[in-house]
Amino acid sequence: MSIEIDAGKISGPQRQSTFIAQRSTQGGRVVYTIRIPLTSLDVILPLPDPDQPDPDNRKVDSRHAKLFGEYIHLHESWVAPTLLARDNGGCTFVEIPGTDGRIGYLTIPWAIGALSPLSNIDGQHRILGVHLIIRILGEEIKKIDREITRTTKPEKIEELTTSRDRLAGHLKRLENESVGVDIYVEPNNVLARQMFVDVADNAKGISSALKARFDSSKVANRILDRVISHALLKGKVDLEQDRMTAKNPNLMGAKHVADLTRGVAVGVSGRIGKQRERELADEVMVEMVHGFLDCLADGFKDLAAVAEGTLKPLDLRAQSLLGSIGMLRVLAGVHHELRENHDANDDDIIAFFTKLDPHMNAPVAGDSIWRNTAANSDFESGPTTSAPIMRTQNLIHLVKVIVGWYTNPPAQL
């Protein structure tokens with residue numbers, strides 16, 4: 001019996017993947033645009049190594065990469081921009097008839113070790129972050145599987161199975177999702193390095209003020225619009241800029257409102273962690289911050305005038321320490337400490353702030369309470385000082401000093 005074998009039907013292992021791609025031109029280069037499943041990123045693109053930086057790219061920060069992995073794991077509605085890669089000449093494109101060469105099949109050999117037809121231009125941390133979270137989820141699932149085989153208690157098996165199913169669901173979701181990749185054809189190494197510089201140089205980072213407005217994952221940001229409806233802040237918050245320059249007509253920026261919110265909630269140096277984020281109800285936080293703002297307006301005459309519109313923030317900064325973001329953050333920390341550790345209510349705090357009010361003149365005079373007490377170390381020397389030193393350790397110390405005055409006031413109070 002004779003057997004005919006079609007050699008065209010036989011192949012070795014296929015160490016490549018093929019995608020539907022759109023071909024276009026940008027900056028004189030051919031660009032292929034594709035969508036890659038998250039689980040294929042480290043197969044198609046070189047996996048960044050924090051210990052072995054790519055000579056044509058920046059060093060990868062493993063912590064930043066891990067945070068991105070956690071982000072896509074915990075947020076089903078995650079979003080990320082298109083990754084940018086460079087084709088060094090190893091990809092092949094076969095156009096689909098009738099598309100004028102714009103649509104076709106792009107075949108990309110797999111990245112094996114240091115060998116890859118592609119190199120990363122932008123998106124190293126996202127690539128590594130995806131790889132890490134998929135690996136972590138897989139390892140956790142295997143660990144639970146081993147525990148299940150060693151356990152005989154039905155209730156424990158049920159608990160472990162529930163945890164395993166939850167993690168498997170997260171992993172399945174990531175396996176079904178993808179990210180865009182633009183692949184630039186550029187065989188010249190020198191021009192390729194310039195591409196990385198151009199991308200980094202022309203990227204406009206998001207300001208802290210804008211992040212405070214739009215990052216709804218943080219309670220301090222999420223409640224911003226409701227917080228700034230208070231009379232002291234309404235129409236007096238810069239929603240674009242991080243820094244308050246001498247000529248800025250606003251009382252503070254959106255970032256500073258978020259700083260005050262954290263100060264009221266957890267203290268001047270506190271951070272609202274994930275657990276605390278889950279515990280804090282938005283409505284409760286708004287009420288807490290508005291309570292603090294009420295204490296400011298009721299305890300300090302100048303801030304009452306700002307709330308009423310009879311004193312402009314520009315004039316406040318020229319004559320009072322209360323015009324400085326640093327002093328307002330300190331007072332937020334004082335408010336937190338008095339409520340949490342001294343059983344003070346808002347009336348008690350207003351009475352205390354009223355005692356501080358005559359000492360808020362700026363610049364700081366040589367005979368002021370800020371100069372002849374322990375608070376002196378938290379202000380720069382000189383006749384023009386109008387704000388405390390903004391280093392965290394100084395803000396913490398100044399809060400401690402002022403809180404001490406609540407129970408043991410100096411002679412000037």
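I will start with two helices. Helix α15, residues 346-356, and helix α16, residues 392-407, have axes that come within 11 Å of each other and cross at roughly 105 degrees. That makes α15 roughly perpendicular to α16. On the terms: axes are lines fitted to C-alpha atoms, for helices over the stretch in contact, and angles run from 0 to 180 degrees between N-to-C directions. Angles under 35 degrees count as roughly parallel, over 145 as roughly antiparallel, 65 to 115 as roughly perpendicular, and the rest as oblique. Helices (H or I, at least four residues) and strands (E, at least two) are DSSP runs, numbered from the N terminus.

Which residues in α15 and α16 meet? From α15 they are Asp348, Phe352 and Leu356, and from α16 they are Ile402, Trp405 and Tyr406. Sorted by type, the residues of this contact are 5 nonpolar, no polar and 1 charged. Here Ala, Val, Leu, Ile, Met, Phe, Trp, Tyr, Cys and Pro count as nonpolar, Asp, Glu, Lys and Arg as charged, and the others, Gly among them, as polar. Contact means heavy atoms within 4.5 Å.

A word on the source. This is a predicted model, in which local features need pLDDT of at least 70 and side-chain atom pairs count only at pLDDT 80 or more, while totals for chains, interfaces and linings use all residues. Residues are numbered from 1 along each chain as its sequence is written, and side-chain values use heavy atoms, with hydrogens and water left out.

Now the whole chain. The protein chain has 16 helices and 9 strands. Its radius of gyration is 30 Å, well over the 22 Å that the globule rule gives for 413 residues, so the chain is more spread out than a compact globule. That radius is taken over C-alpha atoms, and the globule rule is 2.2 Å times the number of residues to the power 0.38. Along the principal axes, the C-alpha atoms fill a box of roughly 115 × 65 × 40 Å. Of the 413 residues, 44% count as buried. Buried means under 20% relative accessible area, exposed over 50%, and partly exposed in between, with a 1.4 Å probe and protein chains only. Among contacts between residues at least 6 apart in sequence, 70% join residues at least 24 apart.

Next, the sheet. Seven strands form an open sheet with mixed pairing, in the order β4-β5-β1-β2-β7-β3-β6. The edge strands are β4 (92-95) and β6 (118-122), each with a single partner strand, so one side of each is left without a neighbour in the sheet. From one strand to the next, the twist averages 35 degrees. Two strands pair if DSSP finds at least two bridges between them.

Take the pairs in turn. Strand β1 (residues 16-26) and strand β2 (residues 29-37) run antiparallel and are joined by 5 bridges. Glutamine 26 stands opposite arginine 29 in β2. The two strands form a hairpin with 2 residues between them, and glycine 27 in the turn has a positive phi of about 60 degrees. β2 also pairs with strand β7 (residues 178-185), in the antiparallel sense, over 7 bridges. There, isoleucine 34 has valine 181 in β7 as its bridge partner.

At the other end, β3 (residues 83-87) and β6 run antiparallel, joined by 4 bridges. Arginine 86 has serine 119 in β6 as its bridge partner. Helix α3 (residues 124-150) packs on the sheet, touching β3 and β6, and its direction makes about 115 degrees with that of β6.

Last, single residues. Glutamine 16 lies in strand β1 and is partly exposed, with a relative accessible area of 37%. Where does the chain come back to glutamine 16? At proline 109, 93 residues apart along the chain, with the C-alpha atoms separated by 4.0 Å. Leaving out residues up to four places away in sequence, glutamine 16 touches Thr107, Ile108, Pro109 and Trp110.

The peptide bond from alanine 362 to proline 363 is cis, with omega near 0 degrees. Proline 363 lies in the loop between α15 and α16.

Aspartate 100 is not a glycine, yet has a positive phi of about 55 degrees. It lies in the loop between β4 and β5 (103-109), and is exposed at 67% relative accessibility. Aspartate 343 also has a positive phi, near 55 degrees. Aspartate 343 is found in the loop between α14 (325-341) and α15 and is exposed, with a relative accessible area of 72%.
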